[in-house]
Amino acid sequence: MPRHLVCLTFDFDALSLWLARGITSPTPISQGEFGAVGAERILALLAIHSIHATWFIPGHTIETYPDLCGRIHAAGHEIGHHGYAHEAPVKLSREAEEAVLVRGNEAIRNLTGAAATGYRSPAWDLSPHSVDLLLAHGFTYDSSMMANDYMPYYVRHGDVIPLDQPAQFGETTRLIELPVSWSLDDFPHFEYLWTATHLQEGLRRAGDVLTNWLDDFRYMARTQEWGVLTLTFHPQVIGRGHRMLMLERLIEQLEGLGATFARMDAVAQEFTQRSATPDAG
Ligand SMILES: [Zn+2]
């Protein structure tokens, strides 16, 4: 029996998306605040379709919007780890990275009663210490890498990647990767962003992006007996009217194509049952 899963994931960064860039002036902060407006709309849409999703929420957002985050948890959604204040692990020392993992998990434990089992790096990049720290802190899966599209895989540690020699891949661990892609993320498609050194045009037609994402599902359904399509949304980005209508159409059309929506923790568990867990790690 073919089984085609879709994970709708929401990175509820709110203000922390801007704080992580050192930006605290009123207008960008208000863009982050709009995330709370978007989150309410998303919660209502998911409830209509009885979909349980995964929300990666920084500790800063949980402590700034405790009531809203409490309702996200109470609605049956998974709360994943996304740093405390959206810190990029690759810029941190091992000690600082571990402190962020602990602080973010404290906020999640206060919200849900349990530490997170899933992690998504705020930078979609991991440090040389991340995999070992995630395993040491009891995480089951990561969702920040891109070595496959529809198929989860076990993450390696200890890779040696010289600039002028063949790569030497390290050992496989028991940490599961539920891979992401920039092409399956609302942020680069839609967010208009400029800094002194960088312009991200964004502001694409939502219908074009909808076509891309439906075709990614169709290709999975055509080529895989079992697979998972992971889509990443930011409430402050997808929460605008025309994009919310696109999200609604996406859900309806995926339902029509036979998609099964699932939380990432459930998908990680299903993947484990389908595959032999490696001994290492
Ligand atoms: Zn984020």
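Which residues are exposed on the other side of H5? In this predicted model, they are Glu-95 and Asn-110.

**Helix H5**

Helix H5 runs over residues 94-112, and its length makes sense: at 1.5 Å a residue, its 19 residues should span 27 Å, which agrees with the 27 Å between its end C-alpha atoms. The buried residues of H5 are Glu-97, Val-100, Leu-101, Gly-104, Asn-105, Ala-107, Ile-108 and Leu-111. They cover an arc of only 155° around the axis, so they lie on the same side of H5.

What covers these buried residues? The cover includes strands S2 (54-57), S3 (78-81) and S4 (118-119). Helices H3 (59-64), H4 (66-74) and H6 (130-136) are also among the covering elements. Once H5 has ended, Gly-113 comes just after it and takes a positive phi of about 90°.

**The cysteines**

If you are wondering about disulfides, a search of the whole structure finds zero. Cys-7 is in no disulfide, and its nearest cysteine sulfur, that of Cys-69, is 20 Å away. Seen from Cys-69, the closest cysteine sulfur is in Cys-7, and because 20 Å separates the two, they are too far apart for a bond. A disulfide would need the sulfur atoms within 2.5 Å.

Are these cysteines buried or exposed? The table gives the values.

| Residue | Relative accessibility | Class |
|---|---|---|
| Cys-7 | 1% | buried |
| Cys-69 | 0% | buried |

Cys-7 counts as buried because its relative accessibility is 1%, and Cys-69 counts as buried at 0%.

Terms used. Residues numbered from 1 in each chain as written. Predicted model: local features only at pLDDT ≥ 70, side-chain atom pairs only at ≥ 80, totals over all residues. Heavy atoms only, no water. Helix = DSSP H or I, 4+ residues; strand = E, 2+ residues; numbered from the N terminus. Expected span 1.5 Å × (residues − 1). Buried < 20%, exposed > 50% of the residue type's maximum accessible area, 1.4 Å probe, protein only. Arc of directions from axis to C-beta. Contact = heavy atoms within 4.5 Å.
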